[in-house]
Amino acid sequence: MVSRVRRHAAFLLVVVASAVALGLTLSAQSGVQAAVNAAFSRYQNLHEGKNADYIPALAKVDPNLFGIAVVTGDGRVYAAGDTRTEVSIQSISKVFTMARVIQDQGPESIEKRIGVDATGMRFNSIVSVEFAKKSLGGPEINPLVNPGAITATSMVQGNTSDEVWAKIIGTHNDFAGRQLSILQDVYKSESDTNQRNQAIGMLMYAYEYIKSNPAQATDLYTRQCSIGVNARDLAMMAATLAFGGRNPITGKQAISTDNVPYVLAVMATAGLYDDSGKWLYHTGLPAKSGVGGGIIAVSPGNFGIAVVSPPLDDAGNSIRAQKAIRDISNALNGNPYAATGRRATAN
Ligand code: DON
C-alpha cells in the first residue's frame, strides 16, 4: 500500500516536472517570437534610407521588403514579415568564402595574406590598400572589404573557374542547408558596372596579394555576391556560426568548430565596415551586412538572426535591419559580453 502511494507520488512528480519544463520551453519560444513580432511592428513603417543604386539591379528591388528570422539551436525558425523573397547576398558572402579559405588553408593563411584589421574606410576603398601597403608594409586590411574579399576568393583552390565556384557555392549551401543559386539579373548588372572592383582585383595582383588570374577572382567574387538568399537562409547561415559551424537543421558541419572563432572575430572587427565599432558597442554581436539589404548577426551558443530590408544608411548598412537586430538581441540577452554566470574551468 505504502509503495503504491510512493509510486503514484513519483509519477505525479514526473508529470508536474515535465509540465513545468514544457511550460518553460513554450514560454521561451513565445518570448523569442514576441521579440521578433515587436521589432517587426516597431519598424514596419520606418522608411529611412535608400536602396543601393551603384549596381543598377539593386535599385529595382522593392524597398518595402522587410523580413526578420531568428534560428535557435534546435533549428526552430522564428519569423516575421516577408522571409521568403530572395535578395542578393552581396557582401555577406565574404564571410562564407573567408570561412572556406580558413577551413582549407588554416586561419594564418588569411592573416598573413590579407590581414585581419579594420580599415576604418569604405568597403571599396582603394586608399586603404595603398595605405596598408605603403605605410604599414603589408597585409593590414581584412577579408570583409572588397580588396580583401576578392583576394580571399582568389585563394579558393581549383583547376578551373568552375571548380572554384563549386567550392564557393557548396560552402554557402552547407551553411544555408539548401541549394542556393545566382540571381542572374544581379550578376549581369554588377558584371556590367563593376569596373572599380576589376581595378581593385588588378591592384591586388600588382601588389602580389592575388597570385594569379585577378580577372577570374573578380568575376567569381561578383558571382558569389549575386547568390539569392532570403531572411530564413541568412538566419540559418548565422545560426550555423552560432552553433559551432554545424547547421542546426541538416546537422552538417559546414566548417570545423575550432575555426568558427576566427570567422566571428573578423565579423566583429569589420562586419559593418566603418560603423563596426559603433555596432559592436551597442550589440556585442559579430555581424555582416550586404548592400542587397541583408544583415546577419551571431549570438554564439544562443541564436543566429537575419533581417532583410533594402534601404541603406551612408555606410552601406540596412537601417531597419540594424534597428531590428539590436532590439531583438537586447530582448533575448544576445550580447556575449553581457554574459553572466560563466566560469572558466580547467580540465
Ligand atoms: O562589390 C560590391 O560592391 C558588392 N558586390 C558588395 C558590396 C557590399 O555588399 C558592401 N556592403 N555593405
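At what angle do helix 8 (residues 184–193) and helix 10 (residues 214–225) pack, and how far apart are their axes? The legends below describe close-up views of a predicted model.

**View 1. Packing of helix 8 against helix 10.** Helix 8, which covers residues 184–193, packs on helix 10, residues 214–225, at an angle of about 140°. The axes of these two helices are 9 Å apart, and their crossing is right-handed. Helix 8 contributes Tyr187, Glu190 and Ser191 to the contact. From helix 10 come Asp219, Tyr221, Thr222, Arg223 and Cys225. Sorted by class, the residues of this contact are 3 nonpolar, 2 polar and 3 charged.

**View 2. Packing of helix 7 against helix 10.** Helix 7 (residues 161–176) and helix 10 have axes 11 Å apart and pack at an angle of about 35°. The crossing of helix 7 and helix 10 is right-handed. On the helix 7 side, Ser161, Val164, Trp165 and Ile168 take part in the contact. Their partners in helix 10 are Gln216, Leu220, Arg223 and Gln224. By class, the contact of helix 7 with helix 10 holds 4 nonpolar, 3 polar and 1 charged residues.

View 3. Apart from neighbours within four places in sequence, Ile182 is in contact with Trp165, Tyr187, Arg223, Ser226, Ile227 and Gly228. Of these partners, Trp165 also belongs to the helix 7 side of the contact with helix 10, and Tyr187 belongs to the helix 8 side of the contact with helix 10. Ile89 is 93 residues away from Ile182 along the chain, and the C-alpha atoms of the two are separated by 9.5 Å.

**View 4. The residues around the ligand.** The ligand is surrounded by 14 residues, of which the closest are Tyr54, Gln90, Ser91, Glu190 and Tyr221. By class, this shell has 6 nonpolar, 7 polar and 1 charged residues. Glu190 of helix 8 and Tyr221 of helix 10 also take part in the contact between those helices.

Notes. Residues are numbered from 1 along each chain as its sequence is written. This is a predicted model: local features need pLDDT of at least 70, side-chain atom pairs count only at pLDDT 80 or more; totals for chains, interfaces and linings use all residues. Side-chain values use heavy atoms; hydrogens and water are left out. A residue is near a molecule or strand if one of its heavy atoms lies within 4 Å of it. Ala, Val, Leu, Ile, Met, Phe, Trp, Tyr, Cys and Pro count as nonpolar, Asp, Glu, Lys and Arg as charged, and the others, Gly among them, as polar. Axes are lines fitted to C-alpha atoms, for helices over the stretch in contact, and angles run from 0 to 180 degrees between N-to-C directions. Helices (H or I, at least four residues) and strands (E, at least two) are DSSP runs, numbered from the N terminus. A crossing is left-handed if the near helix is turned anticlockwise from the far one by less than a right angle, and right-handed if clockwise. Contact means heavy atoms within 4.5 Å.
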